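User: I am new to protein models. Can you show me how to read a few features?

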Amino acid sequence: MSLVAHFPEGFTPRREQARLLDALESALAEADADPTAPRLFVVEAPPGIGKSHLAVTLARWSESAYLLTSQKLLQDQYEREFGDVVQLVKGRDNYACERYPDGRVPTSLGMCRRPRGPACQCPYARAKAAALAGPVFCANTWYFATLRHWHAEQLPRRRLLIVDEAHSLENQLVNVHAVRFTAAEMKEWLGGLLPRLDIADEYRPLLAPHLERLDAELEAIVRSLEAVRPPDLEPDVFLQMPPSRDEVILLERRDALAGALARLRAFVDGADKEWIVRYAADPGAPLELTPLGVAVDARALLTDCAELTVLLSAYLGPSAVVAETLGFAEDDVRAFVTSSPFPLEQRPIVYRPVGALSRASLAALEPSLFAEIAGILAAHPRDKGLIHVASYAAARRLMADVAQRAPLEARRLIFVESSGAKAAALERHRASAAPSVLVSPSLREGVDLPDDFLRFQIITKMPYPDLGDPWIAARRARDPRWYAVETAKALMQTYGRSCRHAEDHGVTYVLDAQFERFLQHNRPLLPEWFLDAAHAALRVSPFE
Ligand code: SF4
């Protein structure tokens, strides 16, 4: 049966979807026939194309797929829309141990976690077994990569590995592989806060001597746990006996120490990798040792888990950059690109530069930036919107300024104070009958605000990744092209909030004059569906 015949039931593929599926079908056939053909497919489709439908079509066709999402929210969306096709599994903490009557203890702390605790097929074990047995194992990338890297699980090889929203794949893998110690952990396990050093390798001689001592400490905790363990009883009786307070403390210490030791060992034994130190100046800051690249691990993950990998996103950048980042040769990658199905009038960009915003110019330019924002709010008196700001600090300054300058407009603003406050703020925005406007540095992607939930958005500052982060600075120093691609990814994701489906429309205002400069320098990197809107905004021919 053809690939398109596996399109989710009840839906008809759009023209762009059908074209992509035809092209993918030929490439899959070629990969079957020729073992040297490319095995990493990169599918770029603008927002609103329906990438999850493409992912599900591929997964159903293969009958044997891992389908990875960038976040748990997206995983839930797959379950809602395609629950009959995908088998979902999340991390242990998302399931409650059924052996505790009040059901509030996660399975990661379940009754069976004691030494020689009998397992009893809890909701987590059942979900994982069903996902492993079913044709489409659906998880988030973090969980999947953690299983492999930190739990050394050998996941059986499947026909396809499909990664949705794959523009964040490198970042997610880097975070999974990072070795992190909180201030409390350093005090507890490493004899106190470690000094601030610039070179990661200098931490190795400081950390290595702790290994032997902590190994011995872990053994001692395990022996103590054996001593307080309930005597040998029938499994059912054992699993109905909650641990004593002493036992709970020991269990927590054991799990925390085992985790710290695994991280310690990964860094001490990882001298062949280049690591970057992230250790902020404030006294309670964690120490994070982060691998500069994950090419070797990414390649191993992608090639071990499946015969062929499909990466999906609105924009992933040139194949050469994707290949290098993930440890592949450029000719191992095959790219599939489609245009936007939505006319320009539904997704215009309006360019209103107040100046080239940078750390140095920000203080001088903010008054005109805030005045421009107040003007745009006044021009959309009945529309809901979204203002993308550079940071939480910039958001606070904007809120204070608009409160002074335009108190009526200020009442429309909903400040999303932290990433934890996102869900509640979105809920408030959606529920409000007023023309509310979200203000946030972290709603560039992963949020769906179709139709009247977003009629305008404002990009205050170009989303350049923060060079104050040592990892980003080092990555850019190694490959300036990577930095441009990451900026473009963030810009495409932000622009993509404006028009979510064929009948939707929304305008994007860009207020940073760096936009024009970025476009001039990076035109060949950018997709056509974005360039057409950007060039219309700049009033220049798209292809000059
Ligand atoms: S005791 Fe049973 S329900 Fe609880 S975590 Fe262990 S296997 Fe799961």
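Predicted model: local features only at pLDDT ≥ 70, side-chain atom pairs only at ≥ 80, totals over all residues.

User: Let us begin with charges. How many salt bridges are there?

Analyst: The general idea is simple. Side chains of opposite charge can pair when their charged atoms come close. In this structure the count comes to 38 salt bridges.

User: What are the closest N and O atoms' separations in a pair such as arginine 253 and glutamate 217?

Analyst: In that salt bridge they are 3.1 Å apart. The pair links distant parts of the chain: arginine 253 sits in helix α11 and glutamate 217 in helix α9, 36 residues apart. Arginine 253 is partly exposed, at 28% relative accessible area. Glutamate 217 is partly exposed too, with a value of 24%.

User: Which residue forms a salt bridge with aspartate 297?

Analyst: Lysine 273 does, with the closest N and O atoms 3.6 Å apart. Aspartate 297 belongs to helix α12 and lysine 273 to the loop between α11 and β7, so the pair ties together parts 24 residues apart in sequence.

User: Is alanine 152 buried or exposed?

Analyst: Exposed, because its relative accessible area is 55% and the cut-off is over 50%. Aspartate 451 is partly exposed, at 28%.

User: And what about glycine 192: buried or exposed?

Analyst: Glycine 192 is buried, because its 16% falls under 20%. It is found in the loop between α7 and α8. Leaving out residues up to four places away in sequence, glycine 192 touches Met186 and Lys187.

User: Which residues make a nonpolar surface patch?

Analyst: Leu233, Val237 and Met241 make one of about 210 Å². Leucine 233 is in the loop between α9 and α10. Leucine 233 is partly exposed, with a relative accessible area of 36%.

User: Last, the ligand. Which residues are around the ligand?

Analyst: List the neighbours, then sort them by class. Among them are Cys97, Cys112, Cys120 and Cys122. Glu98, Arg99 and Leu239 are also included. By class, the shell has six nonpolar, two polar and two charged residues.

How values were computed: Residues numbered from 1 in each chain as written. Heavy atoms only, no water. Patch = residues over 30% accessible without salt bridge, like charges linked within 9 Å, V, L, I, M, F, W, Y side chains within 5 Å. Areas by Shrake-Rupley, 256 points an atom, 1.4 Å probe, with all protein chains shown as cover. Salt bridge = Lys/Arg side-chain N within 4 Å of Asp/Glu carboxyl O. Helix = DSSP H or I, 4+ residues; strand = E, 2+ residues; numbered from the N terminus. Buried < 20%, exposed > 50% of the residue type's maximum accessible area, 1.4 Å probe, protein only. Near = heavy atom within 4 Å. Nonpolar A, V, L, I, M, F, W, Y, C, P; charged D, E, K, R; others polar. Contact = heavy atoms within 4.5 Å.
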